[in-house]
Amino acid sequence: MVFLFGRNGGQENVDEFINQVRAGRKNLIALYAFVATSRFWVDGGIWLVFWQQRGLSLFEVGLLESLLHVVCLVSDVPIGIFADRFGWKLSLLVSAVFGIGYTSLALFSHSFWLAAASFVLRGLQVTFVNGSDTSIAYESAGWAGVQNRYLAISGRLVAISLISMGIAEATGGALAAWSWSAVYVLYTIVNVISFFTVLWVREPREMRKSVREHASVFSIAHQALQFAKKSPPFLAWIALSGILFGCIATFAFYGQSLLLHAGYTLVGIGILTGFENGLGALLSSLAEGLVKRMGNKRMVTVSSILAAIGLMLFAWLPGLSLGFGYLLGSIAGNAIEPLIEQGLNQIIPSEQRATLLSFNSTAFSVFMIFGFPLFGWLAQSIGLFHAAQLGSVIGVIAILGVTYWWRGRERVN
């Protein structure tokens, strides 16, 4: 050991390396806990009913959803720059604080304007997470010496997220039958726990110390924009993610009404969505093995085709059988999500990681702001079933088109 590393400096290097590996592993464990708590959306399946109970109309509830996406769209990139400049850990802490503000305000909101204020806080909560959690996970995997296993780590994070959301929705539904206040009291407590899990995270400052000391928010923004302009693979991943998940999310949201019209009961929909979360978590955890067998391009292509088929079946199958299409489209998206995160992280520079990752959620917000209300307008104009059928054709063309475009720009790994 002395021969290899020297008597003093060498031992210090060894100790530093060991501490770094431990810090990386500790960060990953803390992030698993953070994802489990920050995705424990107790009101995830019942928030629309909650605000109706508070006296809001469906139109006003629709405005709240639109406001949420507008907040995300406007703040995504600036918050990403904030995270890159002042710390990814700080960004997660601020997110938890906004989450506490959202649930606390919801407890006392009885008007549209207070509800709107709470949704602004909710949008900021979501946006402060975007990019920062993934940035810490990727850099921490490097610390721990398992960056080549990041796909497995990302899949695990997605799986934990899905399982947490599934349990939270079931818990929220049970609590709502007893007390709406209990739903948001529990949600507030969960956000407090989420805040404390972040305190266990060690900010990856060492890798970016010089950048933190000298870079300004303007230089971070400029460098991120220059990278985006000159990186076709980056733009291809962003376009693929925005269109694929935008289509799936739109069909999933309006699909609840479609399932009811097709004969599903509320209990049946709950069972179906629970099964969806379980299958999605399983596929996400298996993402690394699937990619090893298939490769990036084939994995993306197969997942996109399955998602497109799922949209078509969901819109065109008769009666209760359309639930199969609902499941297929959703779990295909869950299977590909870890690969998209890895694909982005592998090509973007560490100094602008959160900023560039925020482009991903920005693309999704843009899709939802325009695509989501367009589908609603179609449903009002030609009926829900016909809107789903027409929307499925448009969605399939968009998904397959962006997948073909992505294949021509993604580097061969």
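In the residue classes used below, Ala, Val, Leu, Ile, Met, Phe, Trp, Tyr, Cys and Pro count as nonpolar, Asp, Glu, Lys and Arg as charged, and the others, Gly among them, as polar. The model is predicted, with local features requiring pLDDT of at least 70 and side-chain atom pairs pLDDT 80 or more, while totals for chains, interfaces and linings use all residues. Residues are numbered from 1 along each chain as its sequence is written, and side-chain values use heavy atoms, without hydrogens and water.

**Exercise 1.** Determine which residues line the largest cavity and how they divide by class.

Solution. A cavity, on a 1 Å grid over the protein atoms alone, is a set of points where a 1.4 Å probe fits but cannot get out; lining residues have an atom within 4 Å of a point.
- Step 1: The whole structure contains 3 cavities of 30 Å³ or more.
- Step 2: The largest cavity holds about 80 Å³ of space.
- Step 3: Its lining consists of Ile248, Phe251, Ala252, Gly310, Leu311, Phe314, Gly325, Tyr326, Gly329 and Ser330.
- Step 4: By class, 6 of these lining residues are nonpolar, 4 are polar and none is charged.
- Step 5: Helix 12, helix 15 (296-316) and helix 16 each contribute at least two lining residues, and helix 16 gives the largest share, 4 residues. Helices here are DSSP runs (H or I, at least four residues), numbered from the N terminus.

**Exercise 2.** How are helix 12 and helix 16 oriented to each other?

Solution. 
- Step 1: The axes of helix 12 (residues 232-261) and helix 16 (residues 322-347) come within 10 Å and cross at roughly 155°. Axes are lines fitted to C-alpha atoms over the stretch in contact, and angles run from 0 to 180 degrees between N-to-C directions.
- Step 2: Helix 12 and helix 16 are therefore roughly antiparallel, a term for angles over 145 degrees.
- Step 3: The contact of helix 12 with helix 16 comprises 17 nonpolar, 7 polar and 1 charged residues.

**Exercise 3.** Describe the aromatic pair of Phe50 and Trp180.

Solution. Rings of Phe, Tyr and Trp (its six-membered ring) pair if their centres lie within 6.5 Å; planes under 30 degrees apart count as stacked, over 60 as edge-to-face and the rest as tilted.
- Step 1: The structure holds 20 aromatic pairs.
- Step 2: Phe50 and Trp180 form a tilted pair, 5.4 Å centre to centre with 55° between the planes.
- Step 3: Phe50 lies in helix 3 (residues 47-53) and Trp180 in helix 9 (residues 180-198), so the pair ties together parts 130 residues apart in sequence.

Definitions and conventions:
Angles under 35 degrees count as roughly parallel, over 145 as roughly antiparallel, 65 to 115 as roughly perpendicular and the rest as oblique. On a 1 Å grid over the protein atoms alone, a cavity is a set of points where a 1.4 Å probe fits but cannot get out, and a pocket is an open set with protein on both sides within 12 Å along at least five of seven lines; lining residues have an atom within 4 Å of a point. Grid points are joined across faces, edges and corners, and a volume is the space filled by probe spheres set on the points.
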